[in-house]
Amino acid sequence: MRPRAVAAALASASLLALGAAPGGEAPLPERMRDTGGGTQLIIAQAPSTGSTTGTVSWWDLRDGRWVRAGSAPARFGAKGLVEGAKRRQGTNTTPTGLYGLPFAFGVEAAPSGTRMPYRAVRRDSWWCQDNDSRAYNRWSEPLASDCRASEAERLVSYRAQYAYALVVGFNYAAPVRNRGAGIFLHVNGAGPTAGCVSVPEDTMRRILRWVTPRNNPHIAVGTVSGVTAVTRY
């Protein structure tokens with residue numbers, strides 16, 4: 001290879017290492033409207049709203065530049081993605097938007113090096129999805145008296161998916177009834193999700209070792225283009 005071609009190849013490799021798109025395009029977080037104000041960002045991106053698969057990547061802000069720390073294939077809701085503010089509960093859609101990450105949890109012990117608050121799943125650990133309950137869209141241990149078991153997830157029943165998980169702050173701070181509850185970043189199951197984002201188990205362990213509360217981490221969920229494009233959040 002000619003010296004000039006070698007230099008060009010090395011420059012291109014350096015840009016890709018920083019997470020820049022081919023052709024010199026800025027790294028994806030730098031093209032977003034908002035990244036949450038922290039220095040860590042997870043991006044879950046699907047090709048379109050009808051997609052059930054896509055990519056999760058995670059990024060660090062270093063010296064004013066976003067650097068990709070890793071990426072992996074991801075799965076989305078069985079009915080695709082929908083704008084978070086328009087989502088309805090029970091539609092098997094993944095809500096798009098920019099969200100905080102309140103805490104992590106898992107059936108398995110936290111991976112070595114985990115810094116996020118991590119709750120161990122026990123036999124009486126539930127996530128309430130009952131719109132009539134005061135515990136709506138909250139961890140409930142034991143199950144709240146006003147939360148019907150038929151309208152809640154017993155977390156230990158999903159040993160594979162919830163081996164490791166991060167709570168996505170969708171509809172969490174001030175829950176709107178019927179919008180949706182229990183949206184997580186978790187380990188893959190057998191196929192698309194009921195509305196969460198899922199990744200391989202090793203990826204979840206890597207993310208949990210990486211994410212740090214003091215860095216104010218967020219997750220952005222969206223598509224490549226259109227009104228739900230991740231760059232709009």
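These legends describe close-up views of one predicted model.

The model is predicted, so local features need pLDDT of at least 70 and side-chain atom pairs count only at pLDDT 80 or more, while totals for chains, interfaces and linings use all residues. Residues are numbered from 1 along each chain as its sequence is written, and side-chain values use heavy atoms, with hydrogens and water left out.

**View 1. A hairpin of strands β2 and β3.**
Strand β2 covers residues 53-62 and strand β3 covers residues 65-75. Strands (E, at least two residues) are DSSP runs, numbered from the N terminus. Two strands pair if DSSP finds at least two bridges between them. Here 10 bridges join β2 to β3, and the strands run antiparallel. L61 has W66 in β3 as its bridge partner. Two residues sit between the strands. D63 takes a positive phi near 50 degrees.

**View 2. An open sheet of three strands.**
The order is β9-β8-β10, with antiparallel pairing. β9 (138-140) and β10 (152-154) are the edge strands, and each pairs on one side only. From one strand to the next, the twist averages 25 degrees. Axes are lines fitted to C-alpha atoms, and angles run from 0 to 180 degrees between N-to-C directions. Three bridges join β8 (residues 126-128) to β10. The bridge partner of W127 in β10 is E153.

**View 3. The aromatic pair of F105 and W139.**
Rings of Phe, Tyr and Trp (its six-membered ring) pair if their centres lie within 6.5 Å; planes under 30 degrees apart count as stacked, over 60 as edge-to-face and the rest as tilted. The structure holds 10 aromatic pairs. In this one, the ring centres are 5.6 Å apart and the planes are at 75 degrees, so the pair is edge-to-face. F105 lies in strand β6 (residues 104-106) and W139 in strand β9, 34 residues apart. Buried means under 20% relative accessible area, exposed over 50%, and partly exposed in between (1.4 Å probe, protein chains only). F105 is buried at 0%, and W139 is buried at 10%.

**View 4. The aromatic pair of W127 and F184.**
This pair is edge-to-face, with 5.1 Å centre to centre and 85 degrees between the planes. W127 lies in β8 and F184 in β12 (residues 184-187), so the pair ties together parts 57 residues apart in sequence. W127 counts as buried at 1% relative accessibility. F184 counts as buried at 0%.

**View 5. One aromatic cluster.**
Its members are F103, F105, W127, W139, Y158, Y162, Y172 and F184. R138 lies over the face of Y172, at 3.9 Å from the ring centre. A charge sits over a ring if NZ of Lys or CZ of Arg is within 6 Å of the ring centre and within 35 degrees of the ring normal.

Definitions and conventions: Helix = DSSP H or I, 4+ residues; strand = E, 2+ residues; numbered from the N terminus.
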